[in-house]
Amino acid sequence: MEKKQSGTGTDTDSVTKNVPFLNRIDLSSPDIHQSVSLLKQACLDSGIFYVINHGISEELMEEVFEQNKKFFGLPLSEKMKVLRNEKHRGYTPLFDEILDPDNQVHGDLKEGYYIGVEVPEDDPKAEKTFYGPNVWPSDDILPGWRHTMEKYHLEALEVARAIARIIALALDLEANFFDKPEILGQPLALFAIAKVWFISCFIWSPGQISDPSNGLYGAGAHTDYGLITLLATDDVYGLQICKDKYAQPQVWEFIAPLKGAFIVNLGDMLERWSNCLFKSTLHRVLGNGQERYSIAYFVEPGYDCLVECLPTCKSEKNPPKFPPVMYGDYLGQRYKDTHIDLNVYNELQS
Ligand code: OGA
Ligand code: NI
């Protein structure tokens, strides 16, 4: 297959030259009209913005990053004990994921760990792909790890809901549009309705340097699949976006880490709901040889959520560009395309 042109913006010099200005949405601001207008502008322009004063304490954020470091610092044999299962929960080793198969020579230069909404094994929902119990490292090895991650999960979900309300207003919908049970649900129903909100904790490996001309990436170019993603990073540069995903050659710009803020990008379902008014953000990560930790909180609709063009985003002149899709089907396909077959590990171990 012919390689797509993968574009510019790979040297560290361009870090300083090529950082776009991003709007900052202040969740503590009482001026909702201003927040809606800043968010809408960002969604129309680049599909990426910062969220500040989100309410998650600095202490909790630091604790999550500390716990991350501890996990990824474990010997590989220990991490392989919590290898991801067929529900996509657990540890994803280096090269396990390949986000841009057309342009990557091998998998992403990253390790990850996926955590989702906890669904007990005996719950009928656990039969569905993506639903089930989480995989946790043992408390003897990483004391407090699970507690920290669960706390983060709940708090990040509240932030996601607050942002989703602003998005709804920006799309001329009722503020609570995305709070529907099949989308972001009611807080107490969280575990019962069981959707897929994965947290993945990544470490971008030291010494692994990306070289796009050779198809080597921290994470290959991709769009995220759901509604939005809340990304927390340390201060190491790496994330890049391409504002116009259909342009050739593609132009890549670094996104500066902002202490205490989330970087929020738009997912494919928002693109479908909004009939491409808000496009999902094409992004990738370049490793520069330094360790880089990030936490991506994927805000996803439920498995059975039928995602179809919003009434406010279509007209006779602007008919729906996508057929309705069941989110679970969409996600299943995307995961198949971007992860190696788990049997590879079974074969390696036998
Ligand atoms: C992702 C992702 C970016 C980063 O997990 O989908 O794009 O900076 N992560 O970790
Ligand atoms: Ni992503």
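Buried residues are those under 20% relative accessible area. The legends below describe close-up views of a predicted model.

**Figure 1. Cysteines in a structure with 0 disulfides.** Cys 313 is in no disulfide, and the nearest cysteine sulfur, that of Cys 309, is 5.9 Å away. A disulfide would require the two sulfur atoms to lie within 2.5 Å. With a relative accessibility of 8%, Cys 313 counts as buried, because the limit for that class is 20%. Cys 242 is likewise buried, and its relative accessible area is 2%.

**Figure 2. The nickel ion (ligand 2) and its protein donors.** His 222 (NE2), Asp 224 (OD) and His 283 (NE2) are the protein donors, lying 2.1 Å from the nickel ion. Along the chain, these donors follow the spacing H-x1-D-x58-H. His 222 belongs to strand 6 and His 283 to strand 11 (residues 282–285), so this pair ties together parts that are 61 residues apart in sequence. Both histidines are shielded by the protein in the sense defined above: His 222 is buried at a relative accessible area of 10%, and His 283 is buried at 6% relative accessibility.

Figure 3. Strand 8 (residues 239–242) pairs with strand 9 in the antiparallel sense over 2 bridges. Within this part of the sheet, Ile 241 stands opposite Glu 253 of strand 9. In general, the strands of a sheet pair through backbone hydrogen bonds, in either a parallel or an antiparallel sense.

**Figure 4. Phe 178 in the largest nonpolar core.** This core comprises 88 residues, of which Phe 178 and Leu 230 touch the most other members. Helix 5 (residues 145–170) contributes the largest share of the core, 13 residues. When residues up to four places away in sequence are not counted, Phe 178 touches Ala 164, Ile 167, Ala 168, Ile 183, Leu 184, Gly 185, Leu 227, Leu 270 and Trp 273.

**Figure 5. The aromatic pair of Phe 130 and Tyr 335.** A search of the whole structure finds 14 aromatic pairs. Phe 130 lies in the loop between strand 4 (110–115) and helix 5, whereas Tyr 335 lies in helix 8 (residues 327–338), so the pair ties together parts that are 205 residues apart in sequence. Phe 130 and Tyr 335 are both buried.

**Figure 6. The aromatic pair of Tyr 152 and Tyr 297.** The two ring centres are 6.4 Å apart and the planes stand at 90°, so the pair is edge-to-face. Tyr 152 is part of helix 5 and Tyr 297 is part of strand 12 (residues 292–299); the pair therefore ties together parts that are 145 residues apart in sequence. Tyr 152 is buried, at 0% relative accessibility, and Tyr 297 is buried with a relative accessible area of 0%.

**Figure 7. A cluster of aromatic residues linked by ring pairs.** The residues joined in this cluster are Phe 71, Phe 72, Tyr 91, Tyr 113, Trp 136 and Trp 145.

Definitions and conventions
Residues numbered from 1 in each chain as written. Chains lettered and ligands numbered in written order. Predicted model: local features only at pLDDT ≥ 70, side-chain atom pairs only at ≥ 80, totals over all residues. Heavy atoms only, no water. Pairing = 2+ DSSP bridges. Helix = DSSP H or I, 4+ residues; strand = E, 2+ residues; numbered from the N terminus. Donors = N, O, S within 2.8 Å, 3.2 Å for Na, K, Ca; no water. Buried < 20%, exposed > 50% of the residue type's maximum accessible area, 1.4 Å probe, protein only. Core = buried A, V, L, I, M, F, W, Y, C linked by side-chain atoms within 4.5 Å. Contact = heavy atoms within 4.5 Å. Phe/Tyr/Trp six-rings, centres within 6.5 Å; stacked < 30°, edge-to-face > 60°.
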